[in-house]
Structure formats: C-alpha cells, structure tokens
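Good morning, everyone. Please look at the screen, and keep the sequence in view while I talk.

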Amino acid sequence: MRIQMLLLKQPKRAWMKARLAQIKPDVISIQINNKVYKEPANQTVLQVARKHGLKIPFNCQAGICGACEAIIDGKIQKSCYTVVEDKMHVVQKSAEMSNWRQNMSDE
C-alpha cells in the first residue's frame, strides 16, 4: 500500500500543478474560518490557508493522505487538491474536523 501511495503521489502533484497553471490568476474572495481573504484563483485552499498563517494539518510526505481535509462548501474535501473559487466557504477549525483528523498529521 505504501509503495502504491509513493508511486501515485508524484503524478497527482504534477497533475495539480498543471491544472493550477491553466487557471487565470483573477482575484477572488474566499472565506476561511469566518475571515475573508482576497487571493488569486490559481491556488489551492491549503496554499491560501498557509499563506495567511492558518494551520490546516497535512502530512503528505509521510504518505498519509487525508490529514488536510476541511469542510469546503458543506462537504469534507482535501484542501491540497481543491482549487479556490470565488465566494468559497472553508471551515477548518471545528470539533468535527478535529475528531476527523485525529492521529492523522504531525501539525
């Protein structure tokens, strides 16, 4: 299983990088934990959160995918593979997300 994750990690990251490169960097607004940020649209939710000092836990290097999940527009999704959209709502700090991520990340 670990070898499979290692083999799939690089192509998926390359795919995400190519996808972000195709998006115009128009400025959009995104709400994370009830605070609104204006950012270019060619980023992921995780990138925007970390840029503003918000700690969404992640542990990609250990091969533990899923630690960066957050509630994005009402659904639990991976923040590292979700491209920001205008008027997107992200909840990362909640009891539900803490329980969901328990023992999955180093941060």
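Start with Glu39 and Lys51. Their side chains meet in a salt bridge, 2.7 Å from N to O. By salt bridge I mean a side-chain nitrogen of Lys or Arg within 4 Å of a carboxyl oxygen of Asp or Glu. Glu39 lies in strand E2 and Lys51 in helix H2, so the pair ties together parts that are 12 residues apart in sequence. Helices (H or I, at least four residues) and strands (E, at least two) are DSSP runs, numbered from the N terminus.

A word on the source. This is a predicted model: local features need pLDDT of at least 70, side-chain atom pairs count only at pLDDT 80 or more, and totals for chains, interfaces and linings use all residues. Residues are numbered from 1 along each chain as its sequence is written, and side-chain values use heavy atoms, with hydrogens and water left out.

Back to our pair. Is Glu39 buried or exposed? Glu39 is buried, at 4% relative accessible area. Lys51 is exposed, at 52%. The cut-offs: buried is under 20% relative accessible area, exposed is over 50%, and partly exposed is in between, with a 1.4 Å probe and protein chains only.

How many salt bridges does a search of the whole structure find? Three. Another joins Lys78 and Glu69, at 4.0 Å from N to O. Here Lys78 is partly exposed, at 29%, and Glu69 is buried, at 11%. Lys87 also forms one with Asp86, with the closest N and O atoms 3.6 Å apart.

Now the sheet. Five strands form an open sheet, in the order E2-E1-E5-E3-E4, with mixed pairing. Strands E2 (35–40) and E4 (75–78) are the edges, and each pairs on one side only. Two strands pair if DSSP finds at least two bridges between them. E1 (27–32) and E5 (88–91) run parallel, over three bridges.

On to the core. The largest nonpolar core has 22 residues. Such a core is a set of buried Ala, Val, Leu, Ile, Met, Phe, Trp, Tyr and Cys residues joined through side-chain atoms within 4.5 Å. Ile30, Ile32, Val45 and Val90 have the most contacts inside it. H2 gives the largest share, four residues.

Last, Leu46. It lies in helix H2, residues 45–51, and is buried at 10% relative accessibility. Beyond its neighbours within four places in sequence, Leu46 contacts Ile56, Phe58, Ser79 and Cys80; contact means heavy atoms within 4.5 Å.
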